[in-house]
Amino acid sequence: MLDFIISFLSQPAVLLGVVAFIGLVAQKDKDWTDVTKGTAKTVIGFLIFQVGASTLTTVLQSFNVLFKSAFNLHGLIASPEAATAAAQNKYGFVVALILILGFVMNIVFARITPFKNIFFTGQHSLYFACVLGLILKFNGLSDFWAIILGGVLLGFCASALPSLCQPFMRKITGNDNQAIGHYNMIGYALSGAIGLLFKKHKDQTTENIHFPKYLSIFKDFLIGLAIVMLILFYVTVLAAGPVATGKLSGNVHWLVYPFIQAMTFTAGMGVLMYGVGMFLEEITNAFVAISSKFIPGSRPALDVPTVFPFAPTAVLLGFVSSYTAGLLAIGIMILFHSPTIIIPAAHICFFSGGTAAIFGNATGGWRGAIAGSFVVGLLLAFLPLILVPVFQSMGIASSTFPNIDYNVIGSLLNSVLNLFH
């Protein structure tokens, strides 16, 4: 039963399908045909979205391996997937119950507080449950108190942190129907605030940049994305050489491999954008009924690619800017002899840096997009250094959690608990 509940809460497609079903049934003007179609479109659309997101992540994880080999970098790749697997292996029971209690407390907090956000990005809730569980166990709490405190904190963060971003979300989407649900929300709000420094240029957005004729091809987002990914992959593959590339390319020639990867990445983005368009309208319409009947004023907090269609060029610009910041951070860490080097994960920079750019773009145009995503890229690189000793002492040695919210909230929690030692 525990495995079933964990699997259910970690699968946002199923969760959103249930929410859509309840919301559509609650609308008296919907017959069973409408309910069935709306529920199915929500689930299918989200699964299409996940296929696209998974494709992007897989391609960028291969890029991470090649980049590390190409430039002989030694350090931790800041990727939560590996760290979560290790944490679940060591503290699976605690993590599981923090996740379950966190979901329940999210609903409670949304009902009784002004923070009316229901968090639907299940995998990020799981990552955060791991971070909280590791820190609480590191500070000597029993399983019971780790679960209680961790679940309450997770539920509160799920309700409250999206509210930091909501003023900017209203600018991005033009309404108040959706919140962002991705634990870099402190970073996204910061990026939006940084954009305000350039507010007199807010009309010069990433989406209306005037390209010279020889660069006009970049007006098409997918073609521009393909060109950028081709350049990044070929530079990295040529630096890595045929042997290192061959370990990933299999039967594909090592010079053909980067072309296929770049095009696969672009195709994945096209699939993702289609899935977003399919499920987003259905879930927001269904949520209107749930909000009015059960949790007045509430809104769904959804994963970051749901805002990509509002400023797709900003996503590309933010990826490049945040990844550049991560590479600069490596140089700074080496210069100051940091005991741990954090190597930026390309897939984290793409999703988090790209989203940060959308927020900066909403308030400061393309200047805000570049500045905001660059700062977020620096935070993704430097903030994990604070908690790396804690995670390493708990047996999480080969990776770490990069997200800004994990590290800000986790560091504060660790500091408070240290006061009681």
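Predicted model: local features only at pLDDT ≥ 70, side-chain atom pairs only at ≥ 80, totals over all residues.
Residues are numbered from 1 along each chain as its sequence is written, and side-chain values use heavy atoms, with hydrogens and water left out.

Pockets and cavities were found on a 1 Å grid over the protein atoms alone. A cavity is a set of points where a 1.4 Å probe fits but cannot get out. A pocket is an open set with protein on both sides within 12 Å along at least five of seven lines. Lining residues have an atom within 4 Å of a point. Grid points are joined across faces, edges and corners, and a volume is the space filled by probe spheres set on the points. Helices (H or I, at least four residues) and strands (E, at least two) are DSSP runs, numbered from the N terminus. Ala, Val, Leu, Ile, Met, Phe, Trp, Tyr, Cys and Pro count as nonpolar; Asp, Glu, Lys and Arg count as charged; the others, Gly among them, count as polar.

The second largest pocket has a volume of about 210 Å³. H2 gives the most to its lining, with four residues. The lining residues are Leu15, Val18, Val19, Ile22, Phe103, Ile107, Ile118, Phe120, Phe287, Ile290 and Ile295. By class, 11 are nonpolar, with no polar and no charged residues.

The largest pocket holds about 390 Å³ of space. It is lined by 19 residues, and Thr57, Glu81, Gln123, His124 and Phe351 are the closest to its centre. Two or more lining residues come from each of helix H3 (32-70), helix H4 (80-112), helix H5 (122-138) and helix H11 (346-382). H3 provides the largest share, six residues. This lining has nine nonpolar, eight polar and two charged residues.

Three cavities of 30 Å³ or more were counted. The largest cavity has a volume of about 100 Å³. Among its 11 lining residues, Leu99, Gly102, Phe103, Phe119 and Ser125 lie nearest the centre. H4, H5 and helix H6 (143-173) each give two or more residues to this lining. The largest share, four residues, comes from H4. Seven lining residues are nonpolar, four are polar and none is charged.

The second largest cavity contains about 70 Å³ of space. Its lining includes Ala78, Gly326, Cys349, Gly377 and Pro402. Strand S5 (342-343) and H11 each supply at least two lining residues. H11 gives the most, with five. The lining has 10 nonpolar, two polar and no charged residues.

Aromatic pairs number 24. Rings of Phe, Tyr and Trp (its six-membered ring) pair if their centres lie within 6.5 Å; planes under 30 degrees apart count as stacked, over 60 as edge-to-face and the rest as tilted. Phe119 and Tyr183 are stacked because their ring centres are 4.6 Å apart and their planes lie at 20°. Phe119 lies in strand S2 (residues 117-119) and Tyr183 in the loop between strand S3 (179-180) and helix H7 (185-195), so the pair ties together parts that are 64 residues apart in sequence. Buried means under 20% relative accessible area, exposed over 50%, and partly exposed in between (1.4 Å probe, protein chains only). Phe119 counts as buried at 4% relative accessibility. Tyr183 counts as buried at 0%. Elsewhere, ring pairs link Phe63, Phe67, Phe71, Phe233, Phe265, Phe308, Phe319, Tyr323, Phe350 and Phe351 into a cluster.
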